[in-house]
Amino acid sequence: MPVFARAGLAFERGEGCWLTTTEGERYLDFGSGVAVNALGHAHPHLVEALKSQAEKLWHVSNLYQIPEGERLAQRLVDATFADVVFFCNSGAEALEASIKLARKHFHAKGEPERYRLITFEGAFHGRTLATIAAGGQAKYLEGFGPKVEGFDQVAFADLAAVEAAIGPETAGVLVEPLQGEGGVREVPPATLRMLREICDREGLLLIFDEVQCGMGRTGALFAHEHAGVAPDVMAVAKGIGGGFPLGACLATLEAADGMTAGVHGSTFGGNPLAMAVGNAVLDVMLEPGFLDHVKRMGLVMRQRLAEIVDSHPTVVAEVRGEGLLMGLRCVVPNGEVAAALRDQRLLTVGAGDNVVRLLPPLIVTEAEIGDAMARIDRGLSVVEAGMAKAAPVGAAQ
Ligand SMILES: *Cc1c(COP(=O)(O)O)cnc(C)c1O
């Protein structure tokens with residue numbers, strides 16, 4: 001189905017931060033398949049994990065124990081606020097599990113009327129019927145029938161609006177600590193801490209969507225760690241599988257108290273192939289120094305991008321983001337900028353609010369960032385030259 005507006009590029013192989021097309025042209029990948037290839041392409045440790053698992057066992061279903069899944073769940077629990085984990089195959093499914101968990105929690109407490117979640121404007125939580133309702137974006141809801149009930153959207157990071165939206169039917173607050181699709185917009189750490197306080201005071205669940213900003217992307221294993229707050233529930237996907245479809249819903253025991261045998265499930269979720277790769281991703285990310293590298297590369301990139309904004313003010317206006325989830329807010333249409341960068345063989349991803357996202361693999365080197373910045377500098381110069389040509393003669397005063 002033609003639901004994707006694809007670029008006319010096909011890639012045959014990848015290595016680290018580099019992709020090679022079927023025509024043999026090399027591209028520098030600063031999109032990582034939308035924050036998925038956290039360890040780049042064909043990472044030897046991931047390749048080995050998938051190959052060796054493929055020779056042993058692919059699938060058994062959740063009718064049986066899956067030891068590698070229990071090991072991955074335990075490692076995630078040890079590394080986070082969570083006590084329990086549910087595995088699925090995508091971000092939207094991780095959000096569906098989180099939403100169902102919140103409703104079931106209050107049902108189990110004898111408060112079934114509490115089923116509504118407060119979300120932020122600009123949110124993106126996936127493309128299922130419930131997650132498009134949670135995201136609240138008209139362009140994704142239109143034509144798909146009545147919007148799923150139970151989501152109240154307020155202005156981005158507006159605490160007064162959150163307080164005003166809380167009612168007897170509210171179950172919790174669902175937010176991305178750092179919005180990706182919405183335009184690389186960070187909820188200020190103080191606001192995240194206030195959300196925690198509000199939820200504690202009102203007896204609500206705080207749910208973080210870290211599908212994009214989690215798994216090392218911002219230089220912490222999870223973005224909320226920067227603010228020193230913990231949620232009750234968290235949805236994770238994208239980078240957790242390094243390119244293998246994998247999602248997870250993490251929760252405290254108390255929040256998950258309604259999730260008993262039979263109330264939720266997945267045929268493929270927690271499949272041995274996914275679990276082997278998930279464990280291999282964690283092997284690398286939990287190595288001492290890995291997150292420090294992400295932080296350091298993030299600072300290098302932010303500095304270089306700030307210089308680029310200074311030297312191309314008619315094309316780009318602002319640097320946003322944290323770690324290696326960065327955005328350039330554009331003055332000209334962001335699609336034009338992304339196309340100009342693609343002409344320089346640099347891959348980026350568009351976002352809301354006229355932003356071009358830069359999401360290199362977390363293993364990116366300083367030399368590769370320098371290479372990418374040179375390509376951006378050249379690409380933006382081409383856009384400027386085009387603008388000068390299009391401007392009417394004598395327009396300059
Ligand atoms: C990508 C994304 C999702 C949806 O994930 P899918 O794997 O596409 O279903 C949900 N939330 C956020 C923040 C995302 O970036």
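This is a predicted model: local features need pLDDT of at least 70, side-chain atom pairs count only at pLDDT 80 or more; totals for chains, interfaces and linings use all residues.
1. **Two domains.** The domain assignment gives domain 1 as 11-36 + 289-390 and domain 2 as 45-285. Their C-alpha centres lie 28 Å apart.

2. **Where the domains meet.** In the contact between them, 25 residues of domain 1 touch 24 residues of domain 2. The size of an interface is often given as the accessible area lost when the parts come together. Here that buried area is about 1,900 Å², and carbon and sulfur atoms give 62% of it. On the domain 1 side, Val36, Glu322 and Leu325 lose the most area to domain 2, together 30% of what that side buries.

3. **The largest nonpolar core.** Next, look at the inside of the protein. The largest nonpolar core has 62 residues, and those with the most contacts inside it are Phe30, Met301, Leu305, Met373 and Ile376. Domain 1 and domain 2 both give residues to this core, so it lies between them. Another core, apart from this one, has 25 residues, among them Leu95, Phe106, Ala134 and Phe151.

4. Is strand β5 (residues 116-120) mostly covered or uncovered? It is mostly covered, with 5 of its 5 residues buried. Arg116, Ile118 and Phe120 are on one side, while Leu117 and Thr119 are on the other, and both faces are covered. β5 pairs in the parallel sense with strand β7 (residues 170-175) over 4 bridges, and there Ile118 stands opposite Val173. With β6 the pairing is parallel too, over 4 bridges, and Leu117 has Phe151 of β6 as its bridge partner.

5. **Strands β10 and β11.** Here is another pair from the sheet to look at. Strand β10 (residues 205-209) runs parallel to strand β11 (residues 233-236), with 3 bridges between them. Phe208 stands opposite Met234 in β11.

6. **The sheet of 4 strands.** How are the strands of the open sheet β13-β14-β17-β16 paired, parallel or antiparallel? The pairing is antiparallel. β13 (316-322) and β16 (349-351) stand at the edges with a single partner strand each, so one side of each is left without a neighbour in the sheet. The twist averages 30 degrees from one strand to the next.

7. **Details around β17.** Strand β17 (residues 355-358) is joined to β16 by 3 bridges, and the two run antiparallel. Val349 has Arg357 in β17 as its bridge partner. Helix α11 (residues 334-343) lies across β14 (325-330), β16 and β17, running at about 40 degrees to β17.

Definitions and conventions:
Residues are numbered from 1 along each chain as its sequence is written. Side-chain values use heavy atoms; hydrogens and water are left out. A nonpolar core is a set of buried Ala, Val, Leu, Ile, Met, Phe, Trp, Tyr and Cys residues joined through side-chain atoms within 4.5 Å. Buried means under 20% relative accessible area, exposed over 50%, partly exposed in between (1.4 Å probe, protein chains only). Domain bounds come from an automatic or database domain assignment. Two strands pair if DSSP finds at least two bridges between them. Axes are lines fitted to C-alpha atoms, for helices over the stretch in contact, and angles run from 0 to 180 degrees between N-to-C directions. Contact means heavy atoms within 4.5 Å. Buried area is the accessible area (1.4 Å probe) that two parts lose on being put together, summed over both.
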